[in-house]
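Let's take a friendly tour of a structure, one piece at a time. Keep the picture at hand and look up each element as it is named.

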Amino acid sequence: MTISFSKALGIHEQALELRTKRAEVLANNIANADTPGFKARDIDFRALLNEQKQGMSNSQSLKMATTNGKHLPTNSFDASSELLYRIPSQPSIDGNTVDTQTEKVEFMKNTLQYQSSFQFLNGRFKGMTNAIRGE
Amino acid sequence: MSLNQIFDIAGSGMSAQSIRLNTTASNIANAETASSSTGDVYRARKPVFAAVQQDAMRQAMGSDFLAETPESKGVTVKGIVESDAPLQMRYQPDHPQADERGYVYYPNVNVVEEMSDMMSASRGFQTNVEIMDAAKTMMQRLLTLGQ
């Protein structure tokens, strides 16, 4: 019997990665809160995670090889294509759509969700360690 | 590792806000610096913020280890421009720097505007510090994975 890490860890590994990515996007929004013409961006977490889940369930799926930088990937995690623009609630006159309060709330929420994903992942690891030790 | 980039992003935000605070301090300090001609008068200075495009960053680093995303990463100060607002002319014939018509020129610094700019800059700085702190906590937790 072999332990398959991808099966043992479940979706939490991808979730943690996406949370990190989202934290980066939100941090960028906050850093550019005073940049004229900057548009706030965000990722659709649910859609991306679903994509990941599908990619995981049919891991046997055929992937086309990309030998050139201009080739389009057929089935890969690429958050940049999923970067969306936030709909501004109070757009400012200089074309900036960052609402610092909203971004901060989203960032804090994302941090908490990251921590819960981490907790789940840590639990899986602990479970596996217990199984190995047999205590 | 994406979490490392948060430090760079928040750090760029902090440095941009501190440059803004620096110009504000300079403007307020020179708000009453009189001069006898329009050419010598201090003019209010303002930083111009711009988002760092990733391509430029990649070029500067000389490698493409960053993910290929068209999004921006952090903020930069493109330059510091002098304000075009009209200068203040005051009729003070007994001022040592008065010109032949008795006028003294004062900078176009709006102190109220500078004060609100100062508050905005310090709040922005604070927010970036908090983001950095949160990223630090996330990273520290990640180090305890599996323990």
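## Chain B at a glance

Please keep in mind that this is a predicted model. Chain B holds 3 helices and 4 strands. Reading from the N terminus, its elements come in the order α-β-α-β-β-β-α.

Chain B has 147 residues, and 24% of them count as buried. How much of its contact pattern joins residues at least 24 apart? If you take the contacts in chain B between residues at least 6 apart in sequence, 70% of them join residues at least 24 apart.

## A look along helix H1 of chain B

Start with H1(B), a helix of 28 residues. From its first C-alpha to its last it reaches 41 Å, which is close to the 40 Å expected at 1.5 Å a residue.

Which residues of H1(B) are buried? Among them are Ile6(B), Ile9(B), Ala10(B), Met14(B) and Ala16(B), and the list also includes Gln5(B), Ser12(B), Gln17(B), Arg20(B), Thr24(B) and Asn27(B). The cover over these buried residues includes S1, S2 and H3 of chain B, and H2 of chain A is part of it too.

## One residue in a strand

Now find Val81(B), which sits in strand S2 of chain B. Is Val81(B) buried or partly exposed? It has 13 C-beta neighbours inside 10 Å, so Val81(B) counts as partly exposed; the buried class calls for 20 or more.

Setting aside the neighbours within four places in sequence, Val81(B) is in contact with Lys46(B) and Val48(B).

## Where the chains touch

The contact between the chains draws 30 residues from chain B and 28 residues from chain A. On the chain B side, the elements that give two or more residues are helix H1 (2-29), strand S1 (45-53), strand S2 (72-82) and helix H3 (111-143). H3(B) gives the most to this side, with 9 residues. By class, the chain B side divides into 15 nonpolar, 11 polar and 4 charged residues.

From H2(A), the residues Ala23(A), Ala27(A), Ile30(A) and Ala31(A) take part, and they meet Thr127(B), Asn128(B), Ile131(B), Ala135(B) and Met138(B) in H3(B). This contact of H2(A) with H3(B) has 7 nonpolar residues, 2 polar and no charged.

## The partner inside chain A

H2(A) also packs against a helix of its own chain. Helix H2 (residues 12-31) and helix H4 (residues 100-133) of chain A have axes 9 Å apart and an angle of about 160°. That angle makes H2(A) roughly antiparallel to H4(A). The crossing of H2(A) and H4(A) is left-handed. In this contact of H2(A) with H4(A) there are 11 nonpolar, 7 polar and 7 charged residues.

Note on methods
Residues are numbered from 1 along each chain as its sequence is written. Chains are lettered from A and ligands numbered from 1 in the order in which they are written. This is a predicted model: local features need pLDDT of at least 70, side-chain atom pairs count only at pLDDT 80 or more; totals for chains, interfaces and linings use all residues. Axes are lines fitted to C-alpha atoms, for helices over the stretch in contact, and angles run from 0 to 180 degrees between N-to-C directions. Angles under 35 degrees count as roughly parallel, over 145 as roughly antiparallel, 65 to 115 as roughly perpendicular and the rest as oblique. A crossing is left-handed if the near helix is turned anticlockwise from the far one by less than a right angle, and right-handed if clockwise. Ala, Val, Leu, Ile, Met, Phe, Trp, Tyr, Cys and Pro count as nonpolar, Asp, Glu, Lys and Arg as charged, and the others, Gly among them, as polar. Two residues are in contact if their C-beta atoms, placed from the backbone, lie within 7 Å. A residue is buried if 20 or more other C-beta atoms lie within 10 Å of its own, exposed if 12 or fewer, and partly exposed in between; C-beta atoms are placed from the backbone. The expected span of a helix is 1.5 Å times one less than its number of residues.
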